[in-house]
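I opened this notebook to keep a record of what I looked up, one topic at a time. Each entry says where I looked and what I found there.

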Number of protein chains: 2
Amino acid sequence: MIRSPDNDKLKTIRKLAQKRWREKLGLFAAEGEDLVAAAAAAGWEPRFVLRAGEDVEPELLHAVSSLGSGSRVIGVYEQRWSSPGGTLSVWLRGVEDPGNVGTIIRSAHALADGPVVLGPGCADPYSPKAVRATMGSLFARPPARAGFDELVGTRVALDASASDRLGDLAPPLVLCLGAERHGLPDDLLQAAEATARIPLRADGPESLNVAMTAAIALYEAANRMAGHG
Amino acid sequence: MIRSPDNDKLKTIRKLAQKRWREKLGLFAAEGEDLVAAAAAAGWEPRFVLRAGEDVEPELLHAVSSLGSGSRVIGVYEQRWSSPGGTLSVWLRGVEDPGNVGTIIRSAHALADGPVVLGPGCADPYSPKAVRATMGSLFARPPARAGFDELVGTRVALDASASDRLGDLAPPLVLCLGAERHGLPDDLLQAAEATARIPLRADGPESLNVAMTAAIALYEAANRMAGHG
């Protein structure tokens, strides 16, 4: 039973709240029974798992929690990165909110066979908030990292300025989404094999949350590929 | 220029971080230039607006911010509640996360003509996090409050256990969504005029985030009602 805050495992968890340390160590922490169970279900061997009252005094575990919700269990794992691929996947650029990145990883796991591919300027998918938002999908479907030019297939730029909704396109499809406010830069819109928009009401907001756009586009693309379009 | 933290307007903003005070005063605070501009665009008269450096010393405004992002402007407004209605709307039950409630208000504003109707157990849509997540849609489309039995139209229970996807149904449609983990209670599933599910991959997670489910269902229903289904 760990009874000192100076314990090495507790120190490691504290460090993993910072991106700098996550990159240096190649590790990340997953907080909560559901996430640790999801890791086990996906066959991930933890570096270590600490359970309150079993391995560590509860208040010490609570003190290193990044989520402030009094986690009863925290597991530490090695980061894994997939390669881009699949018949349907998502590429993100400049999506800075870790909750959005995590939620999109969950949606892609539910609706697509390919990973979420992170381009420049995205939140770290292994940050505590992003990991939590994936609800465990991170373990089943680790994210990938790649530039726009490295993507293979029909790159569909989702953009409010596009003239048409998502049509029937030749797979593999990569749905490309930009930052909440600024969207994708013009050169990428030009270079993409196709553009598409989600039709919004004229009396509505200018845009949807990027995670909503991703979910709807994934749904529409998956439907069309399954012949329900 | 306000130079004292004991100023009455600053005290009011501090109180409005608490649901108890929001209910008692019937007010709420909106932080940030975009939200205050959205309120003005929708014709909402503020009780008052405080701008850092103009009306109040910046550090005093920062100290009453609920979002910790150093807001430069905070507006205080009277809460408004719509009545349920429209040809397409959303009813929520037990959606406790304010970010999800706010995001769904934004999605409904983009995709439907009716309000988001809050049933029992939902987060306060006038909490700082919810208001922020609406990105201003709260002002254009204030939420409603009603029980399931008060809803008029075809109540469609979105539930992972439903056998079919959303079909063509007679409007007005009310898309009904339950809490993230537990879904809608059985008696509501029985009482609803229809049930529907979002088809997910067999190798995917058991469910989507409730805000994603709402966005996809709104998109699908709006498409069908527009004849694109």
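The entries below go from the contact between the chains to single residues and their backbone.

**Entry 1: the model.** I note before anything else that this is a predicted model, and I read every value below as computed from it.

**Entry 2: where the chains meet.** I began with the contact between chain B and chain A, which takes 33 residues from chain B and 33 residues from chain A. Between them the two chains bury about 2800 Å², and 56% of that area is on carbon and sulfur atoms. I then looked for charged pairs across this interface, and the rule finds zero salt bridges there, whereas 16 residue pairs are in polar contact between chain B and chain A, counting pairs with both residues at pLDDT 80 or more. On the side of chain B that touches chain A, the elements giving two or more residues are helix 5 (98-111) and helix 9 (210-225) of chain B. Helix 9 of chain B supplies the largest share of that side, seven residues. Sorted by class, the side of chain B that touches chain A has 14 nonpolar, nine polar and ten charged residues.

**Entry 3: the nonpolar core.** Which residues touch the most other members of the largest nonpolar core? In this core of 96 residues I found them to be A:Leu92, A:Phe139, A:Leu175, B:Leu92, B:Phe139 and B:Leu175.

Entry 4: Is B:Thr134 buried or exposed? I found B:Thr134 in helix 6 (residues 128-134) of chain B, and its relative accessible area is 0%, so B:Thr134 counts as buried. A polar atom of the side chain of B:Thr134 lies 2.8 Å from the backbone oxygen of B:Val131. When I left aside the neighbours within four places in sequence, the residues in contact with B:Thr134 were B:Gly102, B:Ile105 and B:Arg106.

**Entry 5: salt bridges.** Over all chains the count comes to 18 salt bridges by this rule, and I looked at some of them in turn.

In chain A, A:Arg224 forms a salt bridge with A:Glu220, with the closest N and O atoms 2.9 Å apart. Because these two residues are four residues apart in helix 9 (residues 210-225) of chain A, they are separated by about one helical turn. I noted that A:Arg224 is partly exposed at 22% relative accessibility, whereas A:Glu220 is buried at 8%.

In chain B, B:Arg51 and B:Glu33 form a salt bridge whose closest N and O atoms are 3.1 Å apart. B:Arg51 lies in strand 2 (residues 48-51) and B:Glu33 in helix 3 (residues 33-41) of chain B, so this pair ties together parts that are 18 residues apart in sequence. B:Arg51 is partly exposed, at 24% relative accessible area, and B:Glu33 is partly exposed too, at 43%.

I also looked up B:Arg201, which forms a salt bridge with B:Asp203 at 2.9 Å between the closest N and O atoms. B:Arg201 is partly exposed at 30% relative accessible area, and B:Asp203 is partly exposed at 46%. Salt bridges that share partners also join A:Asp168, A:Glu220 and A:Arg224 into one network.

**Entry 6: backbone.** Most residues other than glycine have a negative phi, and most peptide bonds are trans, so I searched for exceptions. A cis peptide bond joins A:Pro171 and A:Pro172, with omega about 0°, and A:Pro172 is found in the loop between strand 7 (154-158) and strand 8 (173-177) of chain A. In chain B, a cis peptide bond joins B:Pro171 and B:Pro172, again with omega about 0°.

What is the phi of A:Met135? I found a positive value of about 55°, although A:Met135 is not a glycine. A:Met135 sits in the loop between helix 6 (128-134) and helix 7 (137-140) of chain A, and it is partly exposed, with a relative accessible area of 40%. B:Met135 likewise has a positive phi of about 55°.

Note on methods: Residues numbered from 1 in each chain as written. Chains lettered and ligands numbered in written order. Predicted model: local features only at pLDDT ≥ 70, side-chain atom pairs only at ≥ 80, totals over all residues. Heavy atoms only, no water. Contact = heavy atoms within 4.5 Å. Buried area = accessible area lost by both parts, 1.4 Å probe. Salt bridge = Lys/Arg side-chain N within 4 Å of Asp/Glu carboxyl O. Polar contact = N/O pair within 3.5 Å; in protein donor to acceptor, adjacent residues only side chain to side chain. Nonpolar A, V, L, I, M, F, W, Y, C, P; charged D, E, K, R; others polar. Buried < 20%, exposed > 50% of the residue type's maximum accessible area, 1.4 Å probe, protein only. Core = buried A, V, L, I, M, F, W, Y, C linked by side-chain atoms within 4.5 Å.
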